[in-house]
Amino acid sequence: METASVKPVLAIAVSLFGTLLIVAFRKKPNIRELCTFIIAFVKFGIIASMLPAVLAGSRLRCDLVDLLPGVGLAFRVDSLGLLFALVSSSLWIATSLYSVGYMRSLKEHSQTRYYAFFALALSSAVGVAFAGNILTLYLFYEMLSLSTYPLVTHHQDSEARFAGRKYLTYLMGTSIGFFLPAVILTYYFSGTLNFTEQGILTGAASDTMLTVVFILYILGIGKAAIMPIHAWLPSAMVAPTPVSSLLHAVAVVKVGVFSVLRICLHVFGPYMMHDLSLNVFLLYFVSATILLGSLFALKQDNLKARLAYSTISQLSYIVLGGGLAGIIGITGGILHIVMHAFGKITLFFCAGAIMVNTGLKNISEMRGIGRKMPVTMAAFFFGSLSIIGIPPLGGFWSKWYLALGCIQVDQIPILVVLLTSSLLNAAYFLPISYNAFFADQDRYSEVREAPLLTVIPPVFTALVSFLLFIYPGVFLDLAKMTAQALLGG
Amino acid sequence: MIELIAGKYNYWIYIILMMIGFYAMIGKRNMVKKVIGMNIFQTSIILFYISIAFKKGATLPIIRETADHVAAAVEVSQYINPLPHVLMLTAIVVMVATLGVAIAILILIYRRYGTLEEDEILKKVKS
Amino acid sequence: MKEHAPVLIVVFPIMFAFITPLLGWIRKSLCYPWVILALSLSTICSLITLEEVMTGGVIHYYLGSWLPPWGIEYVVDHLNAMMLVIVSGAALLVAIYSRRSIEAELPGKMVYFYTIFLLQTTGFLGIVVTGDMFNLYVFLEIASLAGYTLIAIGEDGAPLASFRYIIMGTVGACFYLLGVGYLYMVTGSLNMADLATIIPLISDSKVVLTAFAFFMAGIAIKMALFPLHVWLPDAYTRAPSTSSALIAPLMTKISVYVMIRIFFTVFKPSFTVDVLPATDILLWLGTIAIFGGAIMALAQTDFKRMLCYIVVAEVGYMVGGIGVANSIAMQGAVLHLLNDAVMTLGLFIVAGIVTYQMKGHLLSDFNALFRKMPLTMVTFVVVALSVIGVPPTCGFFSKWYLLQGGIMAGAWGFVVALLLSSLINIILFFRIFELGYVFQSDGSHHDHGHGGFIHEAPASMLLPSVVVALGILAIGIYNQVIINNIITYVIPKF
């Protein structure tokens, strides 16, 4: 049941307005930062206020001007979109707090530009979350690529320049070269671009053509970092750490996998995925990414690089959920959006805290640092447990559901992949924490705990990961709702 | 064959003139010669139009009046078609104007480069 | 008064042009407001005409009350009406922008420049509004001559570029004239609507075919269709900023408009698409133009020259869209007439602003401009995104229709060319963004602060730029309104 509401547009417009406010107050840093916080809270409030309605089963709609015949700038808040928007907006608050600490400690330049484009990026992310059709999603997808470019190239040195080029080449190259033709073909075949539970492509074209369109989508949504379209993510690590956390947890890659899920679930639909064996294709295709990502992560010494490859691997778990195309599997995949977000952002916050405090970037240099920065490293430890999927951290639930989902659709090889990957995750995360606390090092005599504003956010998100284990409640309900709406029962 | 050439000699003349003009515009290196070629090109087209106005045995398109200043009935085939002539008046004006602009630009070029030979100018530009 | 609006659109600029030298003799500074007045009146008349066409249908205006086919007739249907608004609006914006630019680049020549500026606009408007074939030639030559003059007074190398343009442009116009002559020879009429009824009766005549061929060749030269585009880069690069800002957005689009008129109004679609493979040829030429323009643009180090090759590629979009010959692609091509005029206008105005500020228009002149001229650069970003084809700018939508039409017709070369040129445009423009952004090579964190030389463009130059950027967004978001109310009536029945 759908009700009209202006809230989706409000949620997006709030941070657009915020961008203007931030630029207006560029000469007054404290007021500027305050603007960011107020806007972030208001945004979260608007999004949270939509929760009761969606949990009760209705969807909020807002249709704006028609952009193409029959396809307009349309917004639709359903359980999947609301889940993603909640994650993004809540983590924006945490990231903003962290940014203040990080940027001020390092006395970074061009902070106004940073905060302004951050707000713009969040608008785009929520725009993708609430998009009611593929065109609106594409619009905000591109807006996200463009608004994150200045963030990725923030340091404006030659490394940043090349990272920026790679970023754009991968993301815009795939979106214009593959995603756009896929959208046009979808429109051409089915005459509409709206997301519906039954999918819009049933019987619209030959099986081969539909498979081609599907492959175009998978290749075209570069933000999902599915191999081989993954190399932009490690390069983007030259950005300041809050930007990396934005990329990995809050917005960019989540937008990618969210879009892939939307395509799998609401454009093609689980039934069509089964019929065309697209789900099998997808499962095996992303299994490669899952395993390779973890293997590459093992080799990295730079902490942020290791985290980047870990993300590449974990993102494909979410796509895997879509590929399993069964109720439990889909629930697991969607839930992993939440769990991974909170877990990963904790890890990035800690990496940044270490950098701010000691200037260290490589894991081999971080032996024994836990004794001097116990809070930070404890948060790191809990974050990594969540990613590995060990109770009592929230990540356990998503992996549990994914594993059960594999069994439900009789995909045992995939279950093996999941277990292997979890082992690999442990292999590349646990040594970091172990060495931080128990290895011998004497070089940190001067080091104290990191600045407060860079420590509070990771502690907060680690706590949330723990709470999510005890009360996966809201997010689990939203994820289940999505799956049930698709498959019934 | 003779029919083809002799019967349509006006077209042949205009085409030959047009080709001469075209050759001059492209093949000659002196810029004044190019302008002259352009002129010949445009003139050939004017010739073409005039030639299609002509009718065998027809006279100038001025209506004769009878004694009491009433215009006589007009027999169309006795008067050549005035419309192409009128159109070409306009075209001649355009041709002259283009000629004027072209020569003015040539003066600018001469002042700048001191020569009106295209290859010399290109050498000066490249250096 | 309202019923005379079609002719007033042309009358205002030409009458005002004659009075401009007088005014300039009295006082030079009067010329600028005079020109703005002339073009504002013209724009208002265009808007009135557009509104009348949208409510009442096609307008027929008989000059001197002589009925067609003997008299000259002005016919305004939805296509013209839209083009009239585009041309007069663009000319008005350029006029507003022009004052500082002329002062800087052409000191002392303001009076004569504005006179010829108005004559140029008259020519453009006349081409668009007329319904008579020879009248179109007259206005075409008025526009071309004014163009040759406006271009020749530019920077070093401009007279040479203009001279080459004269040679090629005259050949083009003469071919058009030949086409008119051949048609007249067998039909006895110069009126477009009249010709449209007569030609189907004689459509297997060789004379008609010859006429068609001459038209195509002549218009192709004026339109800078690859490979007859060689006059364009030099001419538009060397011209003064105002001249290129006026001529570049309009001349090629008006020539595309003339092609649409000749191909679909005078010669019916049944002739153009079925009897001749004209649209197939156009499709291939358009595709090659897109590739050629995009690749050449990559090689340029001069910003304005790069823009010229982008113009060549954009002409390829429109010509290819017409060549696909189905209604969706045609919709895209006509929408692109509007979009490209606006986008090119924006690009050349930015080029003019950069030339004014940095005294040069090389790519390297864009160094650190995001810091020095933030507002100008923001409008530049919007225009660039439109050229690349990012929603919700207008460029995305015309590309969408062209792509959709191409896919529907199976014109895969054209589809690939469109996508590839979008990707190349990303490279072209992000190269400039990188330059504007300032990347140090030493990796140090400078505190850039807010001091340092922020030298934004003057208001008279900034205003048109902002209007264009807003227009691009508005046209994009409301493109359905424009299509449903104007463009649907323009599409010929294939």
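How many strands form the open sheet of chain A, and in what order? In this predicted model, the sheet is built from 3 strands in the order E1-E2-E3, and the pairing is mixed. Strand E1 (2–4) and strand E3 (71–77) of chain A are the edge strands, each pairing on one side only. Averaged over the sheet and with direction ignored, neighbouring strands are turned by 40° against each other.

A closer look at the pairing starts with E1(A). This strand runs parallel to strand E2 (residues 59–68) of chain A, and 3 bridges join the two. Within E2(A), Leu60(A) is the bridge partner of Thr3(A). The sheet also carries a helix: helix H6 (residues 134–152) of chain A packs on it and touches E2 and E3 of chain A. The direction of H6(A) makes about 85° with that of E3(A).

Helix H1 (residues 7–24) and helix H5 (residues 111–129) of chain A pack with their axes 8 Å apart, at an angle of about 170°. Because of this angle, H1(A) is roughly antiparallel to H5(A). On the H1(A) side, the contact is made by Ala11(A), Ile12(A), Ser15(A), Leu16(A), Gly18(A), Thr19(A), Ile22(A) and Val23(A). The residues that H5(A) brings to the contact include Tyr115(A), Ala116(A), Ala119(A), Leu120(A) and Val126(A). By class, the residues of this contact comprise 11 nonpolar, 6 polar and no charged.

Moving from one chain to its partners, chain C touches chain A through 29 residues, which are in contact with 26 residues of chain A. On the chain C side, the elements giving two or more residues are helix H17 (394–409), helix H18 (412–437) and helix H20 (479–485). Of these, H18(C) gives the most, with 7 residues. The chain C side of this contact divides into 16 nonpolar, 11 polar and 2 charged residues.

Chain C meets chain B as well, with 20 residues of chain C in contact with 24 residues of chain B. Here the elements of chain C that give two or more residues are helix H5 (133–152) and helix H6 (158–187). The largest share of this side, 12 residues, comes from H6(C). Sorted by class, the side of chain C that touches chain B has 14 nonpolar, 5 polar and 1 charged residues.

Conventions
Residues numbered from 1 in each chain as written. Chains lettered and ligands numbered in written order. Predicted model: local features only at pLDDT ≥ 70, side-chain atom pairs only at ≥ 80, totals over all residues. Axes fitted to C-alpha atoms, helices over the stretch in contact; angles between N-to-C directions. Helix = DSSP H or I, 4+ residues; strand = E, 2+ residues; numbered from the N terminus. Parallel < 35°, antiparallel > 145°, perpendicular 65-115°, else oblique. Contact = placed C-beta atoms within 7 Å. Nonpolar A, V, L, I, M, F, W, Y, C, P; charged D, E, K, R; others polar. Pairing = 2+ DSSP bridges.
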